[in-house]
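Please read the following report alongside the sequence and the model.

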Amino acid sequence: MTDQPPPSKRQKREDYRKAHKVEGSAALPKKKFYRQRAHANPFSDHQLTYPASPELMHWASHYPAYIAPPTGLNEPIDHPETRTRPLSRDITVADIGCGFGGLLVALAPKLPDELLLGMEIRTQVTEFVQDRIKALRNQNADSGLYQNIACVRANTMKFLPNFFKKGQLSKIFLCFPDPHFKARKHKARIVSLTLNSEYAFAMKPGGVVYTITDVEDLHKWMVKHLEEHPSFLRVGKEEEAEDECVKTMMVETEEGKKVERNKGEKFVACFRRLEDPPWP
């Protein structure tokens, strides 16, 4: 009888993630079992699942505590199509490129009346955040904490309007995005004239786009392109410094903590969505 070869690292990671799917598990996932490259090409075909329009997105499985009550008198509470039911409130905060979910988790108790959504293109990173949220919900079952956050795998450079209707969002976070240093790669940056128009479409007037990076060149790029867009006006430094979301964004993202450890510099800029001008 020959001995079985030891499982490969990849197999160990797969076995761990499968075991971690146990319903009711309160153990937080470990990053080392969710290995993935630091960045993904947004122009590649990632075989993504996305709704044809915001109205067709099944949010109930992501926010089970916020499923809208039945509208029909004879509709049972345990309707088999619960996952297709609308939510009792809209998602109003989006963390685009949410990474391992540090900002989502930190903002959840600070914005208890808001629904927050992390959007991440990398498969295993998305899976990590989803498992992290499930574990945190199980750990806080009595208080109901973390029911207001969720994460989906999405390419926002292509499909943001498929998830959000016009004027839905009050906050968009763009934290430590891929700098795409080479000039020929600048078209893949998460801030551009075209993408800024999509952010403006999804945001309600008065909403804020939050940006942070440790790359000064990228910071200047984001500031330039957002300042040039007619729908956005930069928030003053004094107001920015008093914003609790800015304070949280500075210290709670995984990339931010890495910059802190390396004693690097962080560059922040926030932009308010302006009212649309009246039609002539």
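How many disulfides does a search of the whole structure find?

## Basis of the model

This is a predicted model, in which local features need pLDDT of at least 70 and side-chain atom pairs count only at pLDDT 80 or more, while totals for chains, interfaces and linings use all residues. Residues are numbered from 1 along each chain as its sequence is written, and side-chain values use heavy atoms, with hydrogens and water left out.

## Cysteines

The search of the whole structure finds zero disulfides, a disulfide being a pair of cysteine sulfur atoms within 2.5 Å. For C175, the closest cysteine sulfur is that of C270, and at 9.6 Å it is too far for a bond. C270 is likewise in no disulfide, since the nearest cysteine sulfur, in C245, is 9.0 Å away.

C175 is buried, with a relative accessible area of 9%, and C270 also counts as buried, at 2% relative accessibility. Here buried means under 20% relative accessible area, exposed means over 50%, and partly exposed lies in between (1.4 Å probe, protein chains only).

## Salt bridges

Side chains of opposite charge can pair when their charged atoms come close. With a salt bridge taken as a side-chain nitrogen of Lys or Arg within 4 Å of a carboxyl oxygen of Asp or Glu, the count comes to 14. Among them is the bridge between R122 and E120, at 2.7 Å from N to O, and both of these residues are buried. K166, R273 and D276 are linked in a network of salt bridges.

K220 and E216 meet in a salt bridge at 3.9 Å, N to O; they are four residues apart in helix α6 (residues 216–227), and therefore separated by about one helical turn. Helices (H or I, at least four residues) and strands (E, at least two) are DSSP runs, numbered from the N terminus. K220 counts as exposed at 52% relative accessibility, whereas E216 is partly exposed at 40%. In the salt bridge of K257 with E252, the closest N and O atoms are 4.0 Å apart; K257 is partly exposed at 37%, as is E252 at 28%.

## A positive patch

K182, R184, K185 and K187 gather in a patch of positive charge on the surface. Patches of this kind are made of residues with over 30% relative accessible area and no salt bridge, like charges being joined within 9 Å. K185 lies in the loop between β4 (169–175) and α5 (193–202), and is partly exposed, with a relative accessible area of 34%.

Key:
Patch = residues over 30% accessible without salt bridge, like charges linked within 9 Å, V, L, I, M, F, W, Y side chains within 5 Å. Areas by Shrake-Rupley, 256 points an atom, 1.4 Å probe, with all protein chains shown as cover. Lys, Arg positive; Asp, Glu negative; His and termini not counted. Charge placed at Lys NZ, Arg CZ, Asp CG, Glu CD.
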